[in-house]
Every structure is written in C-alpha cells, then in structure tokens.
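Me: I am new to this structure and would like to understand the words used to describe it. Could we go through them with care, setting each value against its definition?

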Amino acid sequence: ASLPFAFGSYRYAHDVGLTLQTIPAWFLAELGRLGIVACSSALVVAIVLALVDVTRLWYLAFIALLYAAVLAVVAVEPVLFAPLTAHETPAPAALVAQGDAVARALGTSPVPFAIAGSSTRTTQLVARTSGLGPFARILIGDRALAVVTPGERAYLLAQQYAHLREHDVLFASIRKHQPVN
C-alpha cells in the first residue's frame, strides 16, 4: 500500500535534484526495504504470540524486549548493518588526523571514520554519527568530502563529535524518532 506514495516521494526528490538514483535501482531498494519490514513484523508478531502463551503480563515483557532490541540495534548498526546497505571506505589519513585533533579539542575520544558512497543516490551533503560505545562511528558522504573546505570539514567533524559527546544517538533512540543531524 505504501509503494505508490514512496514512488511519488522518490519522483519529487528526483525532479528537484535531491537524488540521482534510477527508477530500477530505487525499486529494488524499496522492495528490499519492504521485505525487511515484512520479516521484522512477522518476527514481532511471533514474539508477542509466544509471550501471550507464557504469561498474562506479556505486554510488560514485550516492552522490555522492545527497548532492549532497539538499543542493541542502534548500538551495533554501524558495524553490523551499515556495511550491508552502504558502500563504505576507510577515511584518508589526513581526515583521521583532523578528526583526532577535533576530538581532543572537544575533550572526547576519537572514533573511527568511514566514507559513505552517497553520491550515487543523492546530491545532499551527508554526515552522521551512529552506534553506541565501542561501536560508535562517524560517517561522512563522499560528496560532502569533495565539496567542503578544510574549515567546513573541521566544523562538520566538531558537530559530529558534539553529537557523540552529548550521547545524541542514544537519546534519539529512546525518545520518539527525531533526526540527530
């Protein structure tokens, strides 16, 4: 049911130049997303039905499992799930050195960087922080890296390290879904 509306959203983004993705590539990605949603929904229903069989307080157990699952997925997303969906490459040494300097200036620990191959899907400048604890990563789009100046890059890195320092990824996963970047 959501496919026509998602296609309309894609066409709008394509028409205004926000995406470079072709229709066949978008359709395959959308089918993959819908398959993941369907499998996840079936798993949730199976868990709920199993809990209903076990206890009368199934809803409390389900809420606890749901929170634990959300935190686990958010924590390991950059290490486990992101490599499956995005083409990432290690950051160049100059960017790592600049990021380490920014991290020290902000009083945080440096985290690994990755360069996301976002230029094939979008023209937007992409940068985000993901993961929790030892799995935390900073992901910068290849297009953003190509067009920003060194000063803008330092600001971009400082913004991402500020998200890490303030635990924005954790708080965004606990609260209702709000964009972190």
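Me: Which residues in H4 meet which residues in H6?

Reply: Leu-95, Gln-98, Gly-99, Val-102, Ala-103 and Leu-106 in H4 meet Pro-150, Arg-153, Ala-154, Leu-157, Ala-158, Tyr-161, Ala-162 and Arg-165 in H6, where contact means heavy atoms within 4.5 Å. By class, this contact has ten nonpolar, two polar and two charged residues, with Ala, Val, Leu, Ile, Met, Phe, Trp, Tyr, Cys and Pro counted as nonpolar, Asp, Glu, Lys and Arg as charged, and the others, Gly among them, as polar. This is a predicted model, in which local features need pLDDT of at least 70 and side-chain atom pairs count only at pLDDT 80 or more, while totals for chains, interfaces and linings use all residues. Residues are numbered from 1 along each chain as its sequence is written, and side-chain values use heavy atoms, with hydrogens and water left out.

Me: What makes H4 oblique to H6?

Reply: Helix H4 (residues 93-106) and helix H6 (residues 150-165) pack at an angle of about 55°, with their axes 9 Å apart. Angles under 35 degrees count as roughly parallel, over 145 as roughly antiparallel, 65 to 115 as roughly perpendicular and the rest as oblique, so H4 is oblique to H6. The axes are lines fitted to C-alpha atoms, for helices over the stretch in contact, and the angles run from 0 to 180 degrees between N-to-C directions.

Me: Why are H1 and H2 oblique to each other?

Reply: Helix H1 (residues 3-15) and helix H2 (residues 23-54) pack at an angle of about 140°, with their axes 11 Å apart, and H1 and H2 are therefore oblique to each other. On the H1 side the contact is made by Leu-3, Ala-6, Phe-7, Tyr-10 and Arg-11, and on the H2 side by Ile-23, Trp-26, Phe-27, Glu-30 and Leu-34. This contact of H1 with H2 has eight nonpolar, no polar and two charged residues.

Me: Why does Tyr-161 count as buried?

Reply: Buried means under 20% relative accessible area, exposed over 50%, and partly exposed in between (1.4 Å probe, protein chains only); Tyr-161 has 0% relative accessibility and therefore counts as buried. Tyr-161 has its place in helix H6, and its contacts, leaving aside neighbours within four places in sequence, include Phe-113 and Ile-138. The C-alpha atoms of Tyr-161 and Leu-106 are separated by 7.6 Å, although these residues are 55 apart along the chain.

Me: Why is Leu-34 called partly exposed?

Reply: Leu-34 has a relative accessibility of 27%, and so counts as partly exposed. Leu-34 lies in helix H2 and, leaving aside its neighbours within four places in sequence, is in contact with Ser-2 and Leu-3.

Me: Is Thr-129 buried or exposed, and what joins its side chain to that of Gln-160?

Reply: Thr-129 has a relative accessible area of 6% and is therefore buried; it is found in strand E3 (residues 127-130). The side chains of Thr-129 and Gln-160 are joined by a polar contact of 2.6 Å, a term for a pair of N or O atoms within 3.5 Å, of which, within protein, one must be able to donate a hydrogen and the other to accept it, with residues adjacent in sequence counting only if both atoms are side-chain atoms.

Me: How many helices and strands does the protein have?

Reply: The protein has seven helices and four strands, where helices (H or I, at least four residues) and strands (E, at least two) are DSSP runs, numbered from the N terminus.
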